[in-house]
Amino acid sequence: MSQPRTLLDKLWRAHEVLQREDGVSLLWVDRHLVHEGSHHAFAKLASRGAAVAVPEQTFAVVDHYAPTRGRGRIADPQIARMIDTLRQNAGRHDLRLFDLDDPSQGIVHVVGPEQGLTLPGLLINCGDSHTSTHGAFGALAFGIGATEVAHVLATQTVWQKKPKAMRISVEGPLGPGVTAKDIALNWIARLGTGGAQGHAVEYAGSTIQDLSMEGRMTLCNLSIEGGARFGMVAPDETTFAYIKGRPYAPDGPAWTAAVEEWRSLVSDAGAAFDREVVINAADIAPTVTWGTSPEQALPIDAALPDPAALTPAKAEAAAAALDYMGLAAGQHLAGTPVDQVFIGSCTNGRIEDLRAAAAVLSGRRAKVPGLVSPGSQRVKAQAEEEGLDRVFTEAGLEWAASGCSMCVGMNGDLVESGKRCASSTNRNFRGRQGRGARTHLMSPAMVAAAAVTGTIADVRPLLAGRTP
Amino acid sequence: MAGWRRHEGQAVRLPLANVDTDQLIPARFMSVPRAEGYGRYLLHDLRRDESGVMRRDFPLNTVDQASVLVAGANFGSGSSREAAVYALVDAGFRVVFAPSFGDIFASNAVNNGLLPARIDADTSDALAEMLVGFPCKVQIDLGTCRATFGNHDVPFTLDENWRIKLMNGWDDIDLTQQHAMAIDAFRERYAETSPWTVPRKRS
Ligand code: SF4
């Protein structure tokens, strides 16, 4: 019998064109996703006079700079230029572009899965670190830099050294109001932002099997915040059901053949992982970040750490983070007033996320202003069909078009200096949402709870008698 | 990109851990064409106060023409933005010493001739301390993976394939094109075994 193999081994092997003497592999790329930020790579390509090797496997999406209001006329010339540059590059190289007026436009990591471009067993690259999202389908998906984007464009391949394999198993049912976001923040708080560096993380266990595709995507998305370039979940019936019938998904006999192949994409029993972590789902509470790194996260009922009580390495960072965030050691997270809220991003901008937030907001008013930007225009349309847009607007929140929006602020959706934002995004880095902005990461339901109370708050009591 | 084996330059400390790519270059500067140079945006919001004036006490602002950075753990974590590397390179940096690096940052660095040199945490702390108010010339040798800070000999580590790439200044696209036949053969076989991998939109 052959050696038991991990999912990573199988995916790697299937794409390996060759391996160099130094152990670096040349891998075939099935899907390449580009966005406005890919302009450096297109410029490199142009400087060599090179063509895109396989245009039909490259897809372009306007997202990072996409205006969420007033799309007809873009006031900021820099933003207009970024979007135009992508249009020109897509036109020049004959790439399918999801432009601003496309009913399928959205954030690249939402659009790929939604269009059926993301499939199990594929190798997917994008010049964006959250490409790990697509691993939720049992794909080998990882973010790359501009030089590598140019390389993929020119050759449809990528050089990569195989990462080590790590498995995070989560077992048991999640408590009410506890989501995939909380699982992610929990393990990152435990292992640190460098905790999975150099590893591809496979998520396994009964909790993961019970997660929807949306939840699995949230979890894989956040892998990079724990240092892992890859996150993945073995495909199963949940995966196949999600994909079936999507615009670019295989159909007919091709579907049958694909599903048969996809069923083999699991880690074999007894496959060896370089690292194993086991988490009990019952130990996870709704979790919120308090600092300027995703690892600075705590359960909602916790008090903020006293830097003096931490190891010297962590103490300095904690003191600086508390100072930047305008918080004091020992203070309780719950009850901290927020100035605004944001629901959206490739982490938590999918339909299920909007439903979870709406379940809390329904029939209630937000005490602070906020913005809701769906992960894609398709998600937006679906939410409107379900009447979720009215729940948000009746609560006093703004309902806008899709894009990266306040996750990174490139389109001008910024949090002002010194303001505190409860956010469903992925990075609480200093200045991420705008210079001096104070970001608290949490699940969409927890953001809704912050909106309703005007403070960082436990969503669980607000869910009493409601179906989340 | 030219390869290099030895470098001598001025070292400066950045005694912070988790310096993420959003700190290295804030997102709002990323629409600028590279030709304009990214050096002035390096660590923009940490180096400057709200009105844009350089903070005199920020270590990076105390040494002119530094080309070697000594930083804390998990340097360059966060986004894949290669602009973070451009900002360092355009500001004149050739080497960053740190106990660990963000994975994507490190490969971006090597693609731009910037050495991400791993040293252990104690060495990083000791060097950062030594550099306080003491501008120091450093010699770095990629051939032996050793650096000399004043009279301190500091070994560093780096993936072997990256070491070779930096020394040769290899361009990956040129290298890959030498494997065109292997790629074509792979593609042909793959199209036969897994035809569903090619996207086809339904009508
Ligand atoms: S939503 Fe945020 S994290 Fe996701 S791709 Fe856009 S900017 Fe990046």
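**Exercise 1.** Is B:K165 buried or exposed?

*Solution.* The model is predicted; local features need pLDDT of at least 70, side-chain atom pairs count only at pLDDT 80 or more, and totals for chains, interfaces and linings use all residues. Residues are numbered from 1 along each chain as its sequence is written, chains are lettered from A and ligands numbered from 1 in the order written, and side-chain values use heavy atoms, without hydrogens and water.

Step 1. The relative accessible area of B:K165 is 9%.
Step 2. Buried means under 20%, exposed over 50%, partly exposed in between (1.4 Å probe, protein chains only).
Step 3. B:K165 is therefore buried.

**Exercise 2.** Find the salt-bridge partner of A:D268.

*Solution.* 
Step 1. A salt bridge needs a side-chain nitrogen of Lys or Arg within 4 Å of a carboxyl oxygen of Asp or Glu.
Step 2. A:K10 pairs with A:D268, with the closest N and O atoms 2.8 Å apart.
Step 3. A:D268 sits in the loop between α10 and β12 and A:K10 in helix α1 of chain A, so the pair ties together parts 258 residues apart in sequence. Helices (H or I, at least four residues) and strands (E, at least two) are DSSP runs, numbered from the N terminus.
Step 4. A:K10 is buried at 13% relative accessibility; A:D268 is partly exposed at 27%.

**Exercise 3.** Sort the faces of helix α10 of chain A.

*Solution.* 
Step 1. A:W255, A:A258, A:V259 and A:W262 are buried.
Step 2. The face turned away from the buried side carries exposed A:P253, A:T256 and A:E260.
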